[in-house]
4 protein chains.
Amino acid sequence: MRQGPSPAQRWIGIEVRSLGGGEAVLELCTRPEMQNSAEMVHGGFIALLADSAMGSAMGSVLPEGVRHPSFDLKVNFIAPGRIGERLRAVAKVIHSGRRTGMAECRLLGEDGRLVATATATFAVLPPTSDQNEA
Amino acid sequence: MRQGPSPAQRWIGIEVRSLGGGEAVLELCTRPEMQNSAEMVHGGFIALLADSAMGSAMGSVLPEGVRHPSFDLKVNFIAPGRIGERLRAVAKVIHSGRRTGMAECRLLGEDGRLVATATATFAVLPPTSDQNEA
Amino acid sequence: MRQGPSPAQRWIGIEVRSLGGGEAVLELCTRPEMQNSAEMVHGGFIALLADSAMGSAMGSVLPEGVRHPSFDLKVNFIAPGRIGERLRAVAKVIHSGRRTGMAECRLLGEDGRLVATATATFAVLPPTSDQNEA
Amino acid sequence: MRQGPSPAQRWIGIEVRSLGGGEAVLELCTRPEMQNSAEMVHGGFIALLADSAMGSAMGSVLPEGVRHPSFDLKVNFIAPGRIGERLRAVAKVIHSGRRTGMAECRLLGEDGRLVATATATFAVLPPTSDQNEA
């Protein structure tokens with residue numbers, strides 16, 4: 001499950017730069033089809049990148065097979081992402097408990113400016129439990 | 001700018017079902033390439049759909065040319081989205097002020113179950129101001 | 001535990017107007033000592049009222065003895081609260097699952113204007129488990 | 001306006017430990033009247049402390065007279081606060097723009113454990129504008 005990127009990450013073009021010990025760095029090279037009506041990167045792709053990065057960071061501190069669906073994602077948009085630029089998400093686990101976890105994320109543009117920040121909370125579920133109901 | 005869907009909405013396959021008077025209904029028919037590692041819809045697409053729906057709802061109450069970048073997106077994931085199912089986002093403006101606006105959204109599965117809820121806040125910017133800095 | 005208001009609710013002066021079936025209406029009569037530096041109601045008291053109302057609503061759908069600590073509180077401030085006015089919080093459970101729950105809340109001024117909205121997520125814990133670690 | 005604590009801070013017993021350059025450290029010595037029904041610190045006081053700390057941090061980077069009402073407060077509760085313990089909020093400005101600002105906060109118990117994290121966004125308003133409508 002954690003051996004490689006998900007179909008969604010592959011389709012969107014999210015690349016894992018580093019992962020381990022509760023930290024993850026993921027990148028997304030933005031493309032014209034990600035444009036919103038203001039000709040900047042649609043905020044939804046920034047949310048998607050942040051969600052992926054925080055989920056990866058969280059997975060890196062849990063035993064194999066333990067699932068960790070997010071039940072909460074919060075993104076603060078600070079500066080727009082430019083089409084064509086490579087966005088970088090740096091995610092870190094803040095809390096990893098028996099039942100819940102929490103991570104936060106910084107999203108940076110190619111010039112290092114802060115594009116967005118994000119937080120996510122996760123349910124931590126043993127391998128045998130039913131994921132379909134939180 | 002508000003005459004049609006953005007490139008991002010077209011690429012992802014988001015369809016506007018109804019729009020006007022501060023309310024918007026958008027749908028997304030989910031596909032295998034939107035799968036996360038748990039074989040459900042990646043939460044990022046749910047965030048993207050919610051962001052689009054709330055932005056559309058907000059735009060419907062503002063004069064032509066007034067921009068409304070979101071600076072905050074919060075999604076609560078309640079039940080996973082299934083690959084292949086059509087997700088429906090119903091967004092409504094809660095507040096539309098001189099400088100800021102706020103909307104909320106329900107996301108439903110094909111069987112009517114509640115998949116997620118979301119809120120967003122927006123900056124309301126006159127046509128001439130600079131969008132690159134919030 | 002749920003028979004009456006908590007010490008915090010009594011101290012602040014929060015009154016339960018109605019409670020049951022996943023809904024709660026709580027009121028707070030604001031006082032001069034709740035003033036912020038702009039001479040309006042400090043947002044913290046609005047957060048406190050919202051948290052209380054959503055916690056009460058959540059408790060009303062759970063069996064006796066089941067604890068439900070919140071792990072997430074989000075407040076959107078829309079209009080300032082005026083010192084001396086009675087604020088009303090109307091909270092409703094949106095989701096009540098085996099492990100988590102979610103509620104939302106509207107906060108209204110005496111004239112019915114929307115002062116704030118809020119959401120909260122809860123862990124649902126059986127009576128015997130340890131509350132000190134989420 | 002920024003010369004001293006607000007009436008709300010004085011009443012609750014919030015003390016400013018340090019303030020300047022976009023950072024603020026505030027403390028709250030919790031008391032029995034802040035107890036929730038689980039006999040821990042009511043989450044509302046943690047929200048109140050976080051809101052105060054982030055507002056103070058934000059104010060420290062703005063010119064005298066510029067108001068900065070928060071329109072968004074998000075708190076993630078990680079470990080309960082114990083009655084009688086001194087809680088410490090460490091807040092930092094993440095973004096300070098022409099129209100909006102953003103801060104984040106860590107809340108720590110006396111033993112250094114992470115009790116909560118929080119973020120807030122602010123409207124930045126010139127001295128003459130009307131604060132009653134965002």
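## Terms and model

Two strands are taken to pair if DSSP finds at least two bridges between them, and the helices (H or I, at least four residues) and strands (E, at least two) are themselves DSSP runs, numbered from the N terminus. Residues are numbered from 1 along each chain as its sequence is written, while chains are lettered from A and ligands numbered from 1 in the order in which they are written. This is a predicted model, in which local features need pLDDT of at least 70 and side-chain atom pairs count only at pLDDT 80 or more, whereas totals for chains, interfaces and linings use all residues.

The model scores ipTM 0.92 and pTM 0.92.

Twelve strands form an open, antiparallel sheet in the order E1(C)-E2(C)-E4(C)-E5(C)-E6(C)-E3(C)-E3(D)-E6(D)-E5(D)-E4(D)-E2(D)-E1(D). Its edges are strand E1 (14-20) of chain C and strand E1 (14-20) of chain D, each of which pairs on one side only, and the twist averages 15° from one strand to the next.

Within chain C, strand E5 (residues 100-108) runs antiparallel to strand E6 (residues 114-123) and is joined to it by nine bridges; in this pair, Arg106(C) stands opposite Thr117(C). Between the chains, E3(C) and E3(D) pair in the antiparallel sense over five bridges, with Lys74(C) opposite Lys74(D).

## Helices on the sheet

Helix H2 (residues 43-59) of chain C lies across E1, E2, E3, E4, E5 and E6 of chain C together with strand E3 (70-77) of chain D, running at about 45° to E4(C). Helix H2 (residues 43-59) of chain D likewise packs on the sheet, touching E3 of chain C together with E1, E2, E3, E4, E5 and E6 of chain D, and its direction makes about 45° with that of E4(D). For these angles, axes are lines fitted to C-alpha atoms, for helices over the stretch in contact, and the angles run from 0 to 180 degrees between N-to-C directions.

The 17 residues of H2(C) should span 24 Å at 1.5 Å a residue, and its end C-alpha atoms are 24 Å apart, which agrees; the expected span is 1.5 Å times one less than the number of residues. Because 17 of the 17 residues of H2(C) are buried, this helix is largely enclosed by the rest of the structure. A residue counts as buried if 20 or more other C-beta atoms, placed from the backbone, lie within 10 Å of its own, as exposed if 12 or fewer do, and as partly exposed in between. H2(A) is also mostly covered, with 17 of its 17 residues buried.

## Contacts between chains

Residues are in contact if their C-beta atoms, placed from the backbone, lie within 7 Å. The contact between chains C and D takes 37 residues from chain C and 37 residues from chain D. On the side of chain C that touches chain D, the largest share, eight residues, comes from E3(C), and the residues divide into 19 nonpolar, twelve polar and six charged. Here Ala, Val, Leu, Ile, Met, Phe, Trp, Tyr, Cys and Pro count as nonpolar, Asp, Glu, Lys and Arg as charged, and the others, Gly among them, as polar.

The contact between chains A and B takes 37 residues from chain B and 36 residues from chain A, and E3(B) gives the most to the side of chain B that touches chain A, with eight residues. Strand E3 (residues 70-77) of chain A runs antiparallel to E3(B), joined by five bridges, and Leu73(A) stands opposite Val75(B).

Conventions: Two residues are in contact if their C-beta atoms, placed from the backbone, lie within 7 Å.
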